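The sequence and the structure are shown first.

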Amino acid sequence: MDVRILQAGPEGLCSIQADLLLLLLPARREAWAEGQGWTDLLDEAVAAGDLPLKAGRTLYLHRPAGMKAARCVVGVAGDEAQSTARDAARAVASAVAVVKQQGFAKVVLAWGGQEDLSDDAAHAAVVAVESALYSYRLTKPSAAAVVEWKELALLGNKANTAGLRAATRRAQAVAAGVNLARDCANRPGNHFTPTHLADEARQLARDFGFKVEVLDRKAVEKLGMGAFLAVAKGSDEPLQFIVLQYQGAAKKVAPRVLVGKGITFDSGGISLKPAAEMDEMKYDMGGAASVLGVFRAIGELQPKLNLIGLIPACENLPSGRATKPGDVVTSLSGQTIEVLNTDAEGRLILCDALTYAERFKPAAVVDIATLTGACVIALGHQRAGLFSPDDTLAIALQEAGDRALDPAWRLPLDDEYDEALKSNFADMANVGSRAGGVVTAAMFLKRYTKAYRWAHLDIAGVAWKSGAAKGATGRPVALLTQWLLGEAG
Ligand code: BES
Ligand code: MN
Ligand code: ZN
């Protein structure tokens with residue numbers, strides 16, 4: 001979809017030629033733009049009960065009287081007079097849902113409030129259109145033929161065309177990253193093995209000129225990644241350790257490093273999970289998918305920074321060769337780990353990747369992982385769990401998430417929580433008690449991150465949706481991209 005900025009003529013919205021006009025409308029009547037032909041029409045609709053002024057409500061109008069557009073979908077935003085990003089995104093999502101089965105050559109998106117569309121709102125609106133139009137097709141040939149919206153024009157304000165243009169360019173890059181992450185995470189385990197994950201990284205590297213290196217089992221053994229190997233050894237699928245590098249600044253500039261959990265299927269291993277909903281563990285590479293998504297966005301936008309992506313990828317399966325509860329393994333850091341529960345595998349593959357990250361002398365390292373069910377209990381499906389001993393980094397990530405509508409919430413890392421990981425047989429156990437499970441998982445990772453500024457995002461609750469709308473969300477690509485763009489020189 002091409003996105004461009006459009007200026008309205010003297011008659012405003014009514015003069016706009018389009019196959020579809022998406023009109024976002026403030027819920028408060030007084031906040032509507034004045035002196036335009038369409039307000040009478042919508043006042044009538046409101047009076048007739050066809051358009052309750054409540055956030056999320058929509059009205060479809062075919063060949064609306066007095067408008068040049070062939071169709072119009074009105075989406076009611078929240079109460080604020082200003083077009084906040086959150087409002088715009090929600091109104092877009094509900095409006096697009098009405099017509100997303102149809103293809104259009106030209107769609108115009110307009111804000112019906114008095115205040116101009118802000119850059120952030122424009123950004124959010126474009127991301128929302130692109131995500132609402134996403135549909136998974138890779139293993140579902142029976143899904144409807146791809147509908148296309150060829151062009152999206154944003155009705156802008158004259159004073160700020162350049163700002164809007166930059167915002168929409170960023171939005172398109174973020175949306176492409178989000179949708180790539182969704183396509184990766186949605187693919188079932190047999191269609192998206194560690195090998196496929198590595199191929200996807202290689203393809204990205206080809207498309208955008210990244211450096212890519214994939215270490216195989218031999219290389220990983222030679223390095224001494226005993227924790228990662230302990231997880232991978234129950235599966236016949238070869239493990240992959242993926243290293244992606246983007247150079248957008250001088251070589252000497254310390255890179256940011258993203259580490260993504262790449263478990264392409266998590267059965268729990270010998271500590272086998274219950275059967276119900278085990279299929280959802282194909283999403284256990286959501287962290288890895290988000291790293292690829294971020295690289296997609298960064299590749300498009302070419303900011304002045306250096307970025308490394310590390311993805312330890314394997315399956316977690318039971319077999320005669322699988323790691324057993326009680327086994328002790330030696331991590332790349334030299335610290336030994338008693339594997340009390342083979343289902344706490346994410347931290348085992350991540351700890352070796354975190355140690356590997358030291359060699360890049362990073363400015364900051366952020367790991368992203370569908371790490372604990374306890375995070376879902378703590379925060380539900382709205383905010384990701386955010387951990388960092390570094391206040392500046394924590395605040396920067398939290399703010400980036402809020403701004404990008406991909407929010408996270410900081411949780412503690414007090415030393416007292418570390419007690420839970422004590423083991424009589426190794427330097428640490430890989431699980432503590434059930435209480436505070438989201439924190440003890442983070443405490444485990446903290447033991448491997450002393451050499452640099454580090455943050456951890458537990459995305460178990462936000463990486464996918466269950467139920468009727470089951471599928472990957474592409475989170476937290478938007479948060480991470482927002483953060484990285486803010487860090488660029
Ligand atoms: N991949 C899971 C975490 C998970 C669970 C994500 C549910 C999304 C939904 C992780 O590998 C895991 O199994 N964690 C265990 C840890 C426990 C054994 C300490 C968990 O959360 O139950
Ligand atoms: Mn697990
Ligand atoms: Zn897992």
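Predicted model: local features only at pLDDT ≥ 70, side-chain atom pairs only at ≥ 80, totals over all residues.

1. Residues are given by their number along the chain, counted from 1.

2. The largest pocket has a volume of about 1,500 Å³. Its lining is made up of 42 residues, and the closest to the centre are Ser 131, Leu 405, Lys 465, Thr 473 and Arg 475.

3. At least two lining residues of the largest pocket come from each of the helices α2 (85–99), α3 (119–133), α4 (161–186), α11 (391–403) and α13 (477–487). The strands β19 (464–465) and β20 (471–472) likewise each supply at least two. The element that gives the most is α3, with six residues. Sorted by class, the lining of the largest pocket holds 22 nonpolar, nine polar and eleven charged residues.

4. The second largest pocket has a volume of about 970 Å³. It is lined by 34 residues, and those nearest its centre are Lys 273, Asp 343, Thr 372, Gly 373 and Ala 374. Helices α9 (346–357), α10 (373–379) and α12 (437–446) each provide at least two residues of this lining. The largest share, four residues, comes from α10. By class, the lining of the second largest pocket consists of twelve nonpolar, twelve polar and ten charged residues.

5. Which residues come nearest to ligand 1? Of the 16 residues around ligand 1, the nearest are Lys 273, Asp 284, Asp 343, Glu 345 and Gly 373. Lys 273, Asp 343 and Gly 373 are also among the residues that lie nearest the centre of the second largest pocket.

6. An oxygen atom of the ligand lies 2.8 Å from a polar side-chain atom of Asp 343. A polar side-chain atom of Asp 266 is 2.9 Å from an oxygen atom of ligand 1. For Asp 284, an N or O atom of the side chain is 2.9 Å from a nitrogen atom of the ligand. Taken alone, ligand 1 exposes 510 Å², and the protein buries 76% of that area.

7. The structure holds three cavities of 30 Å³ or more. The largest cavity contains about 70 Å³ of space. Its lining has 13 residues, of which Ala 230, Val 231, Asn 316, Thr 323 and Thr 342 lie nearest the centre. By class, seven residues of this lining are nonpolar, five are polar and one is charged.

8. The second largest cavity has a volume of about 50 Å³. It is lined by Ala 181, Ala 185, Gly 286, Ala 289, Ala 463, Ala 472, Thr 473, Gly 474 and Arg 475. Helices α4 and α8 (286–301) are the elements that give two or more residues to this lining. Its classes are five nonpolar, three polar and one charged. Thr 473 and Arg 475 also belong to the residues closest to the centre of the largest pocket.

9. Two details of the backbone deserve a check. Most residues other than glycine have a negative phi, and most peptide bonds are trans. The peptide bond from Arg 475 to Pro 476, however, is cis, with omega near 0°. Pro 476 is placed in the loop between β20 and α13. Arg 63, a residue other than glycine, has a positive phi near 45°. Arg 63 is found in the loop between β3 (58–62) and β4 (71–76).

Definitions and conventions
Chains lettered and ligands numbered in written order. Heavy atoms only, no water. 1 Å grid on protein atoms, 1.4 Å probe; cavity = no way out; pocket = protein on both sides within 12 Å on 5 of 7 lines; lining within 4 Å. Points joined across faces, edges and corners; volume = space filled by probe spheres on them. Nonpolar A, V, L, I, M, F, W, Y, C, P; charged D, E, K, R; others polar. Near = heavy atom within 4 Å. Polar contact = N/O pair within 3.5 Å; in protein donor to acceptor, adjacent residues only side chain to side chain. Areas by Shrake-Rupley, 256 points an atom, 1.4 Å probe, with all protein chains shown as cover.
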